[in-house]
There are 2 protein chains.
Amino acid sequence: MNDANTRHTRAIDTLRQSFGDKLQTGQALRDQHAATLTWLPQQPPDAVLFASDADDVIAAVQIAAAHKMPLIPFGSGTSLEGHVNAPLGGLSLDMSRMTRIIAVNAEDLDVEIEAGVTRDQLNSHLRDSGLFFPIDPGAGNATLGGMAATRASGTTAVRYGTMRDNVVNVTAVLADGQLIRTGQRARKSSAGYDLTRLFVGSEGTLGVITSLTLKVHGIPEVIRAAVCPFPSLGTACAAVIEAIQLALGMARIELLDEVQIRASNAYAGLSLAETPTLFLEFHGSEQATSEQVAMFRSIAESHGCLGFEHAQSTEARNQLWKARHSIFWANKGLRPGTESVATDVCVPISRLADCVTETKADIAELQLVAPLVGHVGDGNFHVQVLIDMANAAEVARARTFLERLARRALAMAGTCTGEHGIGQGKRGYLADEHGAAVAVMRRIKQALDPDGLFNPGKIFP
Amino acid sequence: MNDANTRHTRAIDTLRQSFGDKLQTGQALRDQHAATLTWLPQQPPDAVLFASDADDVIAAVQIAAAHKMPLIPFGSGTSLEGHVNAPLGGLSLDMSRMTRIIAVNAEDLDVEIEAGVTRDQLNSHLRDSGLFFPIDPGAGNATLGGMAATRASGTTAVRYGTMRDNVVNVTAVLADGQLIRTGQRARKSSAGYDLTRLFVGSEGTLGVITSLTLKVHGIPEVIRAAVCPFPSLGTACAAVIEAIQLALGMARIELLDEVQIRASNAYAGLSLAETPTLFLEFHGSEQATSEQVAMFRSIAESHGCLGFEHAQSTEARNQLWKARHSIFWANKGLRPGTESVATDVCVPISRLADCVTETKADIAELQLVAPLVGHVGDGNFHVQVLIDMANAAEVARARTFLERLARRALAMAGTCTGEHGIGQGKRGYLADEHGAAVAVMRRIKQALDPDGLFNPGKIFP
């Protein structure tokens, strides 16, 4: 038994004494707390602790720190780059029982919640208040603490921003067990360093987020959705660029390529033409949304769109977005038995058409099955590669594809990840993207977590 | 001659050898580089260096570091909390000659500029492109590097956000002379810690910002402005709150109290009734702005507004905002010979009316002359106290007022400064606002600037 194992065993014994049944070490549960949604090796923790409140988190961090045992915050496990893996073992700190809605400040358009609240839970809670939380990364059961930790965004970021823009403050437990709060509830502040934005996107490496204050928004008076097919990805992207430049104010503008449409037709019972297609949504008053729709339609027609179909009823609209949100599972169905790797990049919008076109050519050249879908208003798109793991040549081609995609985005002044995060999967690109700034990130990590106990093996190469 | 003096003298000799005439030590110029717009003692630097480019900044930082001499970045000196003072002497690094517009990426709605570009210069440069940079802290000659460093905002933040939201990346020189860039040009990224937001608002204490990429926006098709007087501050605030909750999308919504209206009437040749008044602006299409104006007017009338006057012509609109922007000087004219202290706080909007009303009562009780004006859509307001420095009792009352105002905002879950920054003037409130999180800020400062050379005596108590 090596030194780390001894320390971890002692830490887990101590945790069990403190926490009783909240601490679990069964293999099945530990496996569920490893990264499961990608092809990265699953690395389960030594134990899982279900925290009930911030005091539990503080106590767990203190015990882990005393025994120098790694601690990995866990929300609902929907991250895509291996964020919740435990490469050095240690404790998975499961936040999913911390689901208290602390306050709904309707006049201030903000809510205070515990980190384990999911976005579906929050929106259910808000339904009668006329408010909603717009950030929508797809997974409805994603916890808001996890979404903050990965700086998540999704389909509505083009209008409402990302978690960066919608987190007002967080409380977090640091490596020394201290609980801090990164700000008050004012909409803006110039008082000191922006620790809120430092914790948003820190992937659990600087502290454990225990609660958050989030901006919420009034449910729009009118929501209109539409489907707009194009003859090519290039024309679809050109329409998006023009609409963005005119500040049309779309709430959602999603591009699905023809492979994605085929998969979604099959999985979600749609019957769309298999051609690059935009799914659109507009939020606002009757008059404002009518004007937006008319303007967008005119732009789309000038770029040769093949149609423009309104999703008139709420039911039709819900079907559309349900289809969009089930893409991950639809794509897995496209090629049963394969491994799925969902990746994302983001580029300045002027380079979007080039980046998408080159990426599609690459998919063809490398003979991959890889539907493409994008939050194209942000210049952000995803490719989900479906890989036959028994075919070593195909696995190698998939690796080549992912590498080329990240480097293509970086070469276009973009980022290797717009919203999934670095985790384990993209550590190799951090230095390419940030150069000497990586050393600054390391110094911050060292200053706040000198023993490197919080989510080790993530972000940094 | 003490040790610091010896070191500074040697550093300045070395700088003079490297930089020749770019280094200046005349008393008048040094005095201009101290904080001059507030009642804080002026603390001039030992020397001023006019940097031409990032290489100059790197060389200056290296020389300062070698001699452990403080270095204070200087934009145009319009900050209000003593940010540019040199309490320990040292070098003022004047960035005002770094005025290169590096790139205008019109399709991507961003620009790359050197840190000494002012917002007026940028907007003049952009005029023919159909784009503009909206952030508007009042001072047209504020440099964009300085605005980033203080996390500035101003009249348009209610629609366009603050510098936090509009800086895409910065390049900065660190204490070891290393030049870093905090990100690429993608609109969003989840790759690593958000160093951009860490440098925005760091007040020159972590590094010297040498260039920035900023978001720019299309000039709106239609701009409508209006003036809307109310019988009381409470009714004006209530109208603002309702409009914000309905997401009306005002581009500006400024509250001026009756004292401010009197000062602005006198200084800017307006003839407004001396009563609390909103200055409004709406940006968008013909149809959208018409709808917004009609909706706002209806809200205002339901709260008993005393009128609603459109500023129909561009000339009338410009006169209105010129009056708004000349408030600082208008107020100085209200009581000639006095010292002016401009302070700001920001609270959740539900507490705005309370905070403003209690503050007005305090001004009356303490017998101060102190016009109040606010970016009320953000819950942010300013008080400019005009103080007879020969009257010790009045000076003491002014101190009491400023202290009570900051603590009132904090007690209402707000911040001691919404946009001016901490500088020297508000260091006493940092711990009240951030508690244990101040220690985290200190650890970051220590990690990036271990010798404490960058803008010492600012932010931290």
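This is a predicted model: local features need pLDDT of at least 70, side-chain atom pairs count only at pLDDT 80 or more; totals for chains, interfaces and linings use all residues.
Biologist: How is the packing of two helices described?

Modeller: Two packed helices are described by the angle between their axes and by the distance between those axes. In chain A, helix α16 (residues 427-434) packs with helix α17 (residues 437-448) at an angle of about 120°, and their axes are 7 Å apart. That angle makes α16(A) oblique to α17(A).

Biologist: Which residues of α16(A) and α17(A) meet?

Modeller: From α16(A) come A:Leu430, A:Ala431 and A:His434, and from α17(A) come A:Ala437, A:Val438 and A:Met441. Five residues of this contact are nonpolar, one is polar and none is charged.

Biologist: At what angle do helix α11 of chain A and helix α11 of chain B cross?

Modeller: The two helices, residues 286-302 in each chain, cross at roughly 170°, and their axes come within 10 Å. Because angles over 145 degrees count as roughly antiparallel, α11(A) is roughly antiparallel to α11(B). On the α11(A) side the contact is made by A:Gln287, A:Ala288 and A:Glu291, and on the α11(B) side by B:Gln287, B:Ala288 and B:Glu291. These residues divide into two nonpolar, two polar and two charged.

Biologist: Now the sheets. How do strands of a sheet pair?

Modeller: Strands pair through backbone hydrogen bonds, either parallel or antiparallel. In chain B, five strands form an open sheet in the order β5-β6-β10-β8-β9, with antiparallel pairing. Its edge strands are β5 (101-105) and β9 (179-181), each of which pairs on one side only. From one strand to the next the twist averages 10°.

Biologist: How many bridges join β8 to β10 in chain B?

Modeller: Six bridges join strand β8 (residues 167-173) to strand β10 (residues 208-215), and the two run antiparallel.

Biologist: What is the strand order in the four-stranded sheet of chain A?

Modeller: The order is β1-β2-β4-β3, in an open sheet with mixed pairing. At the edges stand β1 (23-24) and β3 (71-74) of chain A; each has a single partner strand, so one side of each is left without a neighbour in the sheet. Strand β3(A) runs parallel to strand β4 (residues 91-94) of chain A, and four bridges join them. A:Ile72 has A:Ser92 in β4(A) as its bridge partner.

Biologist: What area is buried between chain B and chain A?

Modeller: About 6,500 Å² is buried, and carbon and sulfur atoms give 55% of that area. The contact takes 79 residues from chain B and 79 residues from chain A.

Biologist: Which three residues of chain B supply more of its buried area than any other three?

Modeller: They are B:Lys188, B:Ser190 and B:Tyr193, which supply 15% of the area that chain B buries against chain A.

Methods. Residues are numbered from 1 along each chain as its sequence is written. Chains are lettered from A and ligands numbered from 1 in the order in which they are written. Side-chain values use heavy atoms; hydrogens and water are left out. Axes are lines fitted to C-alpha atoms, for helices over the stretch in contact, and angles run from 0 to 180 degrees between N-to-C directions. Angles under 35 degrees count as roughly parallel, over 145 as roughly antiparallel, 65 to 115 as roughly perpendicular and the rest as oblique. Contact means heavy atoms within 4.5 Å. Ala, Val, Leu, Ile, Met, Phe, Trp, Tyr, Cys and Pro count as nonpolar, Asp, Glu, Lys and Arg as charged, and the others, Gly among them, as polar. Two strands pair if DSSP finds at least two bridges between them. Buried area is the accessible area (1.4 Å probe) that two parts lose on being put together, summed over both.
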